[in-house]
Amino acid sequence: MEKNRRDFMGMALGGFAAIGGVGALYAMKRTWDPLPSVKAAGFTTIDLSTMEPNKLVVEKWRGKPIFVLKKTADMKADDRDVVIGSDRFHVSIGLCTHLGCIPAYEGAEHKFKCACHGGEFDASGRVLKTPPPSPLVIPPFKIDGNKLVLGETGPEYKKMQDAGLIA
Amino acid sequence: MAHFDENAKPFSEKWLDERIGLNTLKKVLNTEYWIPKNINFLWAMGMLLAATFGLLLVSGIMLLMYYKPDTNLAFDSVNYTIMSEVGYGWLWRHIHGVGASIVFLIIYIHMFTGIYYGSYKRGRELIWLSGMGLFVAFSAEAFSGYMLPWGQMSYWAGMVITNLFSMGSLELNGLVEWIRGDYVPGDAFLNRFFMLHVLLIPLAIIGLIVLHFGTLRLPHVNNQEGEEIDFETSAALWKSGKRKESKVIPFSPVFLSKDLFVMSIYFILFFYLVFYHFEFAMDPVNFDPADGLKTPAHIYPEWYFLWSYEILRPFSKDIGLIAFGIAQVAFVFLPFIDRSPNVAPAHKRGLFKIWFWVLVVDMITLTAMGKLPPTNPTFATIGLIAAVIFLLLGPALFVISRIEKPLNRGA
């Protein structure tokens, strides 16, 4: 009888300590989470109506460079293009998929060239020359009239994602 | 209740012994902590590490008074305030930078001495395991410290290393963002790595050092022949005055005086580097402030991480990560992969000797290839071969140590 009482006391103490421990771990995990202000800053709105054809605009989204390129009529259309009305745009995260350098846009050749290891992409972000293993990555976007909201997932992005086109 | 001598003078030896067991402590930790005579200068590496850690601690405390963990202020607080305004600020920074680099050189020597002489085997497994714990903690300490000056290499190394936690095709981006506290390394990231660097990891290191010393006390240090010494008999010989016949010496003052000799030579070299060649520990790329929109042409880690970086690099993303993961933990399992009962130096263990030197040469090759840009196909191929060899060395040791003949210890 005495033994059972002691076991009960031990288990009660251990149980409450464990609950407290789990609670403390959860609090610590939450403390490490990105702050609401950081998350709120995770969306970038880009006005596409002011873009000029074949001129690369570099925006910033979640600390990464974002390429926005309005295609001219004679540039090849691609399933990866963001289409608004009759305009086609190439939108991608401007980091080479090889080792993360930022490629430069050569307007005359319609090519992205990476100075680090010689990778090349076409104006749709598809690989023309290795080492990059995959096309430039398309960030999650939502079309809002003439504007593009980066960080939100719209139906056009979902369609690309399902077709396996985003990277 | 214990007896206390009324006449003992406060803080006299007797007074202290009655209160904190001073004489017992002295015996256990110093005068009757027996060290074999049959050792060489490589046995002093542990004390060099303890001393270097002490230097890192002191210089770190000095730097802490002016460093600012803020993405807008960090770079200037190091490169302007500490380097040009703070009296002798440059000294602490160079001691800290050189110390962080050299401590890994000594760690590797210490580790490979242990492997060569079989000091991780029977009875000494916990010494090896706590030592590997220290290696991991020192690696984390070095990485977190490298973030603090918030230069280009800090930022991009932080980016690349935290990206590893997305686990390749598993795409655990949420985990990466959780570790950073942001989508990219930013203020939250710098502050938490600052906390890790100045508090949590040093606490862990100090705890692990105590554990490492503790695991060493009962098995005692190994010796050049891996001989199993009867410490009681040998200690009795020493105490009875037959010091020549005894196989052991007391840790303090005899062994410690030899330790101090090696340490003196080491510190001449150390401070030569601090005063005249500190630049080898200061990457020029890191003297550009962090810029998230400009990647340095070639990102590489400090020299002591190059071998594992090179195991990551030559493979495709997922295979590279798996290989890297295996390489990171491989050494931990050494006492259990090595199936041979022989506790002996490598030159008495047949094939193991070849295995050991292949390991050393392979790790040096990986280190050299890891520093080179990934574009040269010849070096990339050499790196790939070296990485494959490294991964095969584990299974090879298992087989080699199984067929190794037990040594005849009678003669």
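Is His94(B) buried or exposed? His94(B) is buried, with a relative accessible area of 6%; here buried means under 20% relative accessible area, exposed over 50%, and partly exposed in between, using a 1.4 Å probe and protein chains only.

Before we go on, a word on the ground rules: this is a predicted model, in which local features need pLDDT of at least 70 and side-chain atom pairs count only at pLDDT 80 or more, while totals for chains, interfaces and linings use all residues. Residues are numbered from 1 along each chain as its sequence is written, chains are lettered from A and ligands numbered from 1 in the order in which they are written, and side-chain values use heavy atoms, with hydrogens and water left out.

Back to His94(B), which is found in helix H5 of chain B. Helices (H or I, at least four residues) and strands (E, at least two) are DSSP runs, numbered from the N terminus. Leaving aside neighbours within four places in sequence, His94(B) is in contact (heavy atoms within 4.5 Å) with Met83(B), Gly99(B), Val274(B), Phe278(B) and Met282(B).

Helix H5 (89-116) also takes part in the packing of helix H4: the buried residues of H4(B) pack against H5, helix H3 (45-64) and helix H9 (187-217) of chain B. Those buried residues in H4 (residues 74-85) are Ala74(B), Phe75(B), Ser77(B), Val78(B), Asn79(B), Thr81(B) and Ile82(B). An α-helix has 3.6 residues a turn, so residues three or four places apart point the same way.

Now let us turn to charged pairs. Side chains of opposite charge can pair when their charged atoms come close. Over all chains, the structure holds 20 salt bridges, each a side-chain nitrogen of Lys or Arg within 4 Å of a carboxyl oxygen of Asp or Glu.

One of them, in chain B, joins Arg349(B) to Asp338(B), with the closest N and O atoms 3.0 Å apart. The two residues are 11 residues apart, and both lie in the loop between helix H14 (334-337) and helix H15 (351-371) of chain B. Arg349(B) is buried at 3% relative accessible area, and Asp338(B) is buried at 4%.

In chain A, Lys142(A) pairs with Glu152(A), the closest N and O atoms being 3.5 Å apart. Lys142(A) is partly exposed at 31%, and Glu152(A) is partly exposed at 31%.

Finally, Glu109(A), Lys111(A), Lys113(A) and Glu120(A) are linked in a network of salt bridges.
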